[in-house]
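Student: Can we go through this model together? I'd like to start with what the terms mean.

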Amino acid sequence: MTPMADGPTNPTADSAERPFGCLYRHGFARVAVATPAVAVADPAANLEHHLALARQAHDLHAAVCLFPELGLTGYACDDLFHQTALLDAAEQALIDLAKASQELVPLLLVGLPVRHQGVVFNCAAAVHRGQLLSLTPKTYLPNYREYYEKRYFAPGSQLSQGSIRIGDLVTGVVQRNVISWANIPGLRLAVEICEDFWAPIPPSTYATLAGATVVANLSASNMTIGKADRRRVLAAAHSARTVSAYMFSAAGPGESTTDLAWDGQTLIYENGDLLAEGERFPANPQLVTADIDLDRLAAERLRLQTLRDVAEQQDPNLFHDVRPWRIKHNLPDHAVPLEREIERFPFVPHDKAEVDQRCHDAFHIQVQGLAQRLKAAKLDRLVIGVSGGLDSTHALVVAAKTVDRLNLPRTNIHAFSLPGFATSAGTRTNAHRLAEALGVTMREIDITAACEQMLADLDHPYSRGERTPETYDIAFENVQAGQRTGVLFRLANHLKGLVVGTGDLSELALGFCTYGVGDHMSHYAVNCSVPKTLIQHLIRWTATTEDFAAARDVLLDIVDTEFSPELVPSDAESDTPHQRAEDVVGPYELQDFHLFYALRYGYAPSKIAYLAHHAWKDVNAGLWPPTLTDHDPRNQYDLPTIKRWLRVFIQRYYGFAQFKRSAIPNGPKVSTGGSLSPRGDWRAPSDGSPAAWLADLDRVPDDPNS
């Protein structure tokens, strides 16, 4: 096998024919980690314990079920590992397990001692549908402190290539094997045992460089204080470093406690993120499952040249004993629901413990970027248009913190309210309240007269007194947007300041900004990689900090204001905005979800729709925001609604909006979700076609169970 041999594969016909609601159709694979009860030195009893959990994994449609190291005998058998009766019984248990597996779907990974070439090896057996696919010996044997494995076992390096017969079971001996599934694209499994995980270079490293995407570790690993955290760190780091999923199973209840104790820790990580962890010190056997996103791993590997570079620089001999095996999983012909939390707001910190740190980092990335730009430009004044809306509010707060950091007075920030034809009294008032609370210099310039002159020069119907819906066309709207930005740039010249851009990532993605001399342009765009949902969260967060305590009330008022460009006047005498931005571009909370998975992972629309439906189908799931306020609209979207707005997203994001992104000003990247800078995360042709994405979306049914 050559390095990085099995790259990402397209869905097979078998997997694509599953119902839309089946997780296996959308690049996921369910895996299980088992903690069976252990009967020390009683393989027959342990066989039954294993099979009970294997049947549970079968009922849950898992593709893989992992058991602990030496689980068929118990780990702490000591010198009993050299007793013929125990070794015979262990081999018989494996034979019986293989027979029973004929009726089971999952690949079973079990541990046992195996005699070969006059010594005993600590092995992981891969069993599937009645066959023994492989025996993988433990590479590194611990022989320090409480461990004495070299007394009982030979290291894997002493096991020569060839075949081993155990009863009617015959398998090849491999140090590092990669098992792949013919009908689960992207599922390529490698196996290692306990101490291998703790080595400076775990053996699975080479398997992942050869294409493995999931690593399973059969472990015994007795428990001492603090060890559980160390295992988590190692599993997280190894899965992140190799862009893989990592499964870990430690010995649990029933294991000998002559000198040691066992906590039965089970872990499943994916690219550094914890997907599942079972109960520690369980009183009873347990099975922990997680649905691994194989597409996510494939997408990351497509982009990370470093992984391929490392693989190519290795000695090819390191991969000679990485043997590929290919099996077929009996996929269910019905919908298997995804059992994985999909965050409704993937750009936003959801875990309460992470909220402060994530918001702090995002905010100060923006502050640092603006501060450095001011210093580089040798300027000490900022010019910003403040509308009383979400984006300009956050940009103004960032500006306030920036001048604080540079030891400049906040009066060096020149904020301008620029009301026009449709500016509401509410937003206008909030703009002034915010400026006063922050202590910045505030001035109002009404642009109405200037816009009327421009419309007259254009011989626009508005200048002739026409007031029909057709009057309020794009020229009418953009005259106002252009006037505002033009005024700000001339003010910056006059005041010797820098124009702070306020537009956000969501608007850039959807092309919902006025190109050129409009809100598209500035001297520095602090919000350019911050999506709308994150800005909402950041404003609530800044409202809780001491620096902005005086502005708390107005900040919370603004964050609850309806999204509107306020360019078209209302037909009635009302302060309610005539325009609702989300009527045009769709709900920002949903479009930010689509954006994250399109930008970060390049997922096809069919998978994005599947994930969005899973995240948004229940009214009480994923309340927004998770921790900072009682404001939690209980929104939900059915699949037809998701498809409707995803179509709008595709047409805008992959279609006509790109030319605007190809000419955006500088601004800092904030989120690991990505940015749309043509100098950074996103380079795309301005005249590209969205046809392929729309065709994929057309294949998504309205009924998720069809």
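Tutor: For residue classes, Ala, Val, Leu, Ile, Met, Phe, Trp, Tyr, Cys and Pro count as nonpolar, Asp, Glu, Lys and Arg as charged, and the others, Gly among them, as polar. This is a predicted model, in which local features need pLDDT of at least 70 and side-chain atom pairs count only at pLDDT 80 or more, while totals for chains, interfaces and linings use all residues. Residues are numbered from 1 along each chain as its sequence is written, and side-chain values use heavy atoms, with hydrogens and water left out.

Student: What classes of residue form the lining of the largest cavity?

Tutor: The lining has 7 nonpolar, 5 polar and 3 charged residues. A cavity here is a set of points on a 1 Å grid over the protein atoms alone where a 1.4 Å probe fits but cannot get out, and lining residues have an atom within 4 Å of a point.

Student: Which of the lining residues lie nearest its centre?

Tutor: Gly503, Leu508, Asp519, His520 and Ala525, out of 15 lining residues.

Student: And what volume does the largest cavity have?

Tutor: About 120 Å³, where volume is the space filled by probe spheres set on the grid points, and points are joined across faces, edges and corners. The count is 2 cavities of 30 Å³ or more.

Student: Changing topic: which residues of α22 are buried?

Tutor: Leu694, Asp696 and Leu697 are buried in α22, residues 691–698. Buried means under 20% relative accessible area, exposed over 50%, and partly exposed in between, with a 1.4 Å probe and protein chains only. Helices (H or I, at least four residues) and strands (E, at least two) are DSSP runs, numbered from the N terminus.

Student: What do the buried ones pack against?

Tutor: α19 (605–616) and α20 (639–656). Contact means heavy atoms within 4.5 Å.

Student: Ser101 next. Is it buried or exposed?

Tutor: Ser101 is buried, at a relative accessible area of 0%. Ser101 lies in the loop between α3 (84–100) and β3 (107–116). Beyond its neighbours within four places in sequence, Ser101 contacts Leu108, Val127, His128, Arg129 and Gly130.

Student: How many helices and strands in total?

Tutor: The protein has 22 helices and 20 strands. Of its 706 residues, 58% are buried.

Key. On a 1 Å grid over the protein atoms alone, a cavity is a set of points where a 1.4 Å probe fits but cannot get out, and a pocket is an open set with protein on both sides within 12 Å along at least five of seven lines; lining residues have an atom within 4 Å of a point.
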